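Here's a quick walk through a few spots worth a look. Have the model open and follow along.

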Amino acid sequence: MQAQVSTSMKKILLVLNCILLSIGNCGGPLIMRLYFIHGGKKIWFSSWLTTGGWPIIIIPLLIAYFHRRSSTTTTKLFFMKPRLFIYTAVVGLLTGLDDYLYSYGVARLPVSTSALIIATQLAFTAGFAFLLVKQKFTSYSINAVILLTVGAAVLALHTSSDRPKGESNKEYILGFMLTLVAAALYGFVLPLIEWTYIKANQAITYTLVMEIQLVMCFFATLLCTVGMLVNNDFQAIPREAREFELGETNYYVVVVWSAIIWQCFFMGAVGVIFCASSLLSGIIIAVLLPVTEGLAVIFYHEKFGGEKGVALGLSAWGFVSYFYGEIKHSKKKSDETPETEMAADTTVVNDHA
């Protein structure tokens with residue numbers, strides 16, 4: 001159940017969250033890869049950083065709270081009810097697992113390759129959105145799913161073409177497979193968040209969305225913290241910082257900015273779901289693929305071979321197909337609305353007569 005939000009405010013929030021999602025989606029993989037290529041080796045620590053910046057959300061929540069207090073003294077500090085808290089905690093634990101799978105993939109694959117694999121997330125998001133929130137499919141969205149899947153298959157057939165130096169074929173393939181699993185899992189998480197909004201049994205406001213982000217990232221970080229404790233990552237961080245190729249100070253700069261940029265991603269994702277749908281959130285993540293690809297080639301001088309070109313072309317075709325279908329559906333819906341309203345008005349007139 002969503003609270004009533006004005007159309008203009010919802011558009012503003014949608015634009016804001018699209019910007020946050022874009023920053024996180026493009027910057028997150030790049031800064032994570034920067035950590036690994038210059039000496040970072042801790043997978044659990046890297047996955048911890050993707051949600052470890054959750055305390056940042058406390059700042060806007062406190063601002064919202066004191067703003068409410070200025071007009072009334074009886075306002076709640078938190079709006080989240082126990083039922084929603086439990087749902088969000090489960091989503092957070094799944095997110096923490098996904099963080100680990102994704103971090104492992106980024107540690108083993110070039111950014112351009114991992115980004116193309118993550119593009120298949122749209123297919124999984126569409127499928128789970130259909131199952132969980134009854135998302136309607138068209139021939140265009142089905143076509144997009146097929147093209148994205150074929151694109152990933154093309155990459156899978158050329159697994160050795162861009163393997164980093166010193167990495168075995170077995171490690172590369174494992175990284176490829178775990179990244180694909182991460183795409184599938186997050187493709188499930190996005191519709192699950194939308195389902196959580198529907199089943200929350202309370203009005204969903206943007207303040208509550210920020211609370212959901214806070215709880216979700218807290219539990220994801222908690223899971224990754226357990227992994228770090230088991231793996232003794234906390235003791236290894238000072239040594240890893242001293243041995244970092246860019247210097248000890250820059251190591252901590254990378255760590256801090258990684259946490260901040262990934263918070264932009266998660267806040268943007270849950271915000272877009274609130275303003276629109278989980279499917280749109282998945283689409284934006286997928287559409288930014290060429291940007292991430294280009295930045296990886298520019299900053300890390302990654303190879304962009306023929307198979308990546310084919311995969312990118314198929315992905316672009318899939319995106320265009322999906323958007324074309326959405327435009328046609330919106331146009332059809334707007335054409336049908338006046339007729340529906342006219343029929344309703346006629347019924348009312350006849351009833352009065």
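Asp-233 sits in helix α10. This is a predicted model, so keep that in mind as you click around. Is Asp-233 buried or exposed? Its relative accessibility is 0%, and anything under 20% counts as buried, so Asp-233 is buried. Skip its neighbours within four places in sequence, and Asp-233 is in contact with Lys-42, Trp-44, Phe-45 and Met-228.

One of those contacts deserves a second look. Asp-233 makes a salt bridge with Lys-42, with 4.0 Å between the closest N and O atoms. The count of salt bridges comes to one. And what does the pair tie together? Asp-233 is in α10 (residues 233-243), while Lys-42 is in the loop between α1 (7-37) and α2 (43-51), so the bridge links parts that are 191 residues apart in sequence. Lys-42 is buried too, at a relative accessible area of 18%.

Over to Val-297, which belongs to helix α13 (residues 289-300). With a relative accessible area of 31%, Val-297 is partly exposed. Leaving out residues up to four places away in sequence, Val-297 touches Glu-302 and Phe-304.

| Residue | Relative accessible area | Class |
|---|---|---|
| Asp-233 | 0% | buried |
| Lys-42 | 18% | buried |
| Val-297 | 31% | partly exposed |

Now for the helix packing. How do α6 and α8 cross? The axes of α6 (residues 121-133) and α8 (residues 169-199) come within 8 Å, at an angle of roughly 35°, and the crossing is right-handed. On the α6 side, the residues that meet α8 include Phe-124, Phe-128 and Leu-132. Their partners in α8 include Leu-180, Tyr-186, Phe-188 and Trp-195. By class, the contact of α6 with α8 has 15 nonpolar, three polar and one charged residues. As a reminder, an α-helix has 3.6 residues a turn, so residues three or four places apart point the same way.

Last stop, α11. This helix covers residues 248-275, 28 residues in total, and spans 41 Å from its first C-alpha to its last, close to the 40 Å expected at 1.5 Å a residue. Is α11 mostly covered or mostly open? Mostly covered: 20 of the 28 residues in α11 are buried.

Terms used
Residues numbered from 1 in each chain as written. Predicted model: local features only at pLDDT ≥ 70, side-chain atom pairs only at ≥ 80, totals over all residues. Heavy atoms only, no water. Helix = DSSP H or I, 4+ residues; strand = E, 2+ residues; numbered from the N terminus. Expected span 1.5 Å × (residues − 1). Buried < 20%, exposed > 50% of the residue type's maximum accessible area, 1.4 Å probe, protein only. Axes fitted to C-alpha atoms, helices over the stretch in contact; angles between N-to-C directions. Left-handed = near helix turned anticlockwise from the far one by under 90°. Contact = heavy atoms within 4.5 Å. Nonpolar A, V, L, I, M, F, W, Y, C, P; charged D, E, K, R; others polar. Salt bridge = Lys/Arg side-chain N within 4 Å of Asp/Glu carboxyl O.
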